[in-house]
Amino acid sequence: MSANVFDLSCEMLDLSSESGVLHLTLNRPKQRNAINETMIFELEKVVAALANDLTTRIVVIRGAGGSFCAGGDLKDFQRNYQGADNVERVAGENRRFGRLLSAIDTLPQVVIMLIEGAAMGGGVGLTCLGDISICTTDALFCMTETGTCGWIGPACISNRTESPR
């Protein structure tokens, strides 16, 4: 039996629910909601619980403090993965994040992304997982790894040819 989403204790995610709608807030505003290992672990727990949750119909994901998500926490990454001997570990963590994105993408609930402020790197990836993504007029989407900034969501989303739902 999987855990109930509301039995989960999260340090970096705020969870609240009303009338079948789960509000999930990435809550690291001082780091612009950058994703670190703890946040990935917490997201994995929540997504696993949601996969079999028949009472939650909609999941709304947003960031706290005026930014959606700055992508990966580079300080956390450097601290945990610096060094040539960690190549396999880094590759494994990349695959882990990919599995998390796939799990969010295949949730049975309608997923709504509310984007304000910056969505960068992996944060752009998250925005593309929404069945519905809504952004403020001043939202910024930036793939820092490629130097591409602006509104690039449609280009990313257009690569999805069919929805799993």
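**Notes on the fold, sheet and core**

1. In this protein, 64% of the contacts with a separation of 6 or more come from residues 24 or more positions apart. Bear in mind that we're looking at a predicted model.

2. Overall make-up next. There are five helices and eight strands, and reading from the N terminus the elements go β-β-α-β-α-α-β-β-α-β-β-β-α. Of the 165 residues, 42% count as buried. The exposed surface comes to about 9,100 Å², with carbon and sulfur atoms supplying 54% of that.

3. Now the sheet. Five strands form an open sheet in the order β1-β2-β3-β4-β6, and the pairing is mixed. At the edges sit β1 (13-18) and β6 (132-135), each pairing on one side only. On average, neighbouring strands of this sheet are turned by 20° against each other, direction ignored.

4. What packs on the sheet and touches β1, β2 and β3 (58-63)? That's helix α1 (residues 37-51), whose direction makes about 170° with that of β2.

5. A closer look at the β1 end: β1 and β2 (residues 21-26) run antiparallel, joined by six bridges. In this pair, L13 stands opposite L26 of β2.

6. L26 deserves a point of its own. Leaving aside neighbours within four places in sequence, L26 is in contact with M12, L13, N33, M39, L43, R62, G63, A64, F68, C69 and L126.

7. On to the core. The largest nonpolar core has 34 residues, and L26, V46, F68 and L126 touch the most other members. At least two residues each come from β2, α1, β3, α3 (87-105), β4 (110-115) and α4 (122-127). Helix α1 gives the most, with seven residues. For background, nonpolar side chains in soluble globular proteins tend to be buried together.

8. Cysteines, briefly. How many disulfides are there? The count comes to zero, with a disulfide taken as a pair of cysteine sulfur atoms within 2.5 Å. As for burial, C69 has 0% relative accessibility, and since buried means under 20%, C69 counts as buried. C135, at a relative accessible area of 37%, is partly exposed because that value lies between the 20% and 50% limits.

Key: Residues are numbered from 1 along each chain as its sequence is written. This is a predicted model: local features need pLDDT of at least 70, side-chain atom pairs count only at pLDDT 80 or more; totals for chains, interfaces and linings use all residues. Side-chain values use heavy atoms; hydrogens and water are left out. Buried means under 20% relative accessible area, exposed over 50%, partly exposed in between (1.4 Å probe, protein chains only). Two strands pair if DSSP finds at least two bridges between them. Helices (H or I, at least four residues) and strands (E, at least two) are DSSP runs, numbered from the N terminus. Axes are lines fitted to C-alpha atoms, for helices over the stretch in contact, and angles run from 0 to 180 degrees between N-to-C directions. Contact means heavy atoms within 4.5 Å. Accessible areas come from the Shrake-Rupley method with a 1.4 Å probe; for residues, only the protein chains shown count as cover. A nonpolar core is a set of buried Ala, Val, Leu, Ile, Met, Phe, Trp, Tyr and Cys residues joined through side-chain atoms within 4.5 Å.
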